[in-house]
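Hi everyone, thanks for coming. Let's have a look at this one together.

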Amino acid sequence: MRYDVIVIGGGPAGMAAALAADKAGAKTLILERDTRLGGILNQCIHQGFGLHYFKEEMTGPEYAHRFKQLVEKSSVEVMLESMVLSIGDDLTLTALSPSHGLMKLEAGAIVLAMGCRERTAGAIMLPGTRPAGIYTAGMAQKLSNVMGYLVGKEVVILGSGDIGLIMARRMTSEGAHVKLVLELMPFSSGLKRNIVQCLDDYDIPIKYSHTITKVEGSPRLTGLRYAPVDEFRRPILEKEEYISCDTLLLSVGLIPENDLLSGTSVLLDRVTGGAVVDENRMTTVQGVFSCGNVLHVHDLVDNVSNEAEIAGRAAAEFALCAQKEKEYFGVKATNGIRYALPQRISGGEGKITLFFRVDAVYKNRKLVVLSGDKVIKSRKFAVLAPGEMGSVEIDRALVDGELTVRLDDENA
């Protein structure tokens, strides 16, 4: 079977990309491994979605349902319970599903929209035993919101990612006692609004620059030891403390789900964990595009949908139109900027939005974008934090060399 555009993943990124490709006239297919569209949104029952994209506040399932309705009204084909096993640089895919068996598919373009996964206790080498009662925040969210289980009564959360913060509020509303949030870094990795609405409003304490030194209990978690860390993030054991609990939630980072790219020529960014892409979200393999959390972890689903539309339109154009060779200029992040995306851009006309994250909390700084030695954009920020993605718009016509994105003092 052949399609103009095949989208891998039926979450918010996959549906938005498929709709954009369909609107551009491409014969489009979504391959989704779950039994329904929507991805992680189906378990995110809290408010806060859609304010930017739909101009109204929704829950996660409502946001997903709105997109699902748009997909059903379009010409986009959907295959559920379909696991993609491999993709090739020649734009072929191998997939498996109960209804179609083993499938060989050909595409004019492929859009990667597989989302991300959570880091586990093993991934962070959590010290101590492995009793019952240790969950990733996302798994606890699914057990609570989808399956109706209360995973524990006395809870400690390691990490201050957005899912962990939201689950602190959710567990409290379900009657559990969230005793403490521990954060390894001296700042939160979540949105400021979630710190306020999920911790401050419920008097849940958070200790920055702290980590777990030992997990105790068998067969169920009974407590854990924790300590502050030094400037090298090593625990200061002489200041170790103990707290009793029966549940530990881990909110210690997300990893783009890019296992499918193993064996391909797609170049990955060592910082984001996602593919290196251009302004159209095309990877280093012609015809393979990436968007959403599989590309880089977003704060807001609205931004995921907007980015996916870029990838979907560009994928349709690639599949349907003859492509010219492009000259690319690299984008380098430095001096306070952890990463900038896209990592390369082509010359031409029009505007491009650069997205970036900083590596610490900064106040009264100026973001500077240079093309070679020439400043083509500068913008002042009162506050920049790692938990919130920043953006700046540049004029492509001014780009004639490698771009550098950096932070300067406000008055520099």
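I'll talk about some aromatic rings and then a surface patch.

Quick housekeeping: this is a predicted model, where local features need pLDDT of at least 70, side-chain atom pairs count only at pLDDT 80 or more, and totals for chains, interfaces and linings use all residues. Residues are numbered from 1 along each chain as its sequence is written, and side-chain values use heavy atoms, with hydrogens and water left out.

So, the rings. Searching the whole structure turns up eight aromatic pairs; rings of Phe, Tyr and Trp (its six-membered ring) pair if their centres lie within 6.5 Å, and planes under 30 degrees apart count as stacked, over 60 as edge-to-face and the rest as tilted. Take Tyr-53 and Phe-54: their centres are 4.9 Å apart and their planes sit at 80 degrees, so that pair is edge-to-face. Then there's Tyr-63 with Phe-67, at 5.5 Å and 45 degrees, so tilted. Those two are four residues apart in helix 2 (residues 60-73), about one helical turn; helices here are DSSP runs, H or I, of at least four residues, and strands are E runs of at least two, numbered from the N terminus.

Together, Tyr-53, Phe-54, Tyr-63 and Phe-67 form one aromatic cluster. Are Tyr-63 and Phe-67 buried or exposed? Both are buried, meaning under 20% relative accessible area, with exposed being over 50% and partly exposed in between (1.4 Å probe, protein chains only). Phe-54 is buried too, at 18%, while Tyr-53 is partly exposed at 21%.

Lastly, the surface: Leu-102, in strand 8 (residues 101-112), is exposed at 60%.
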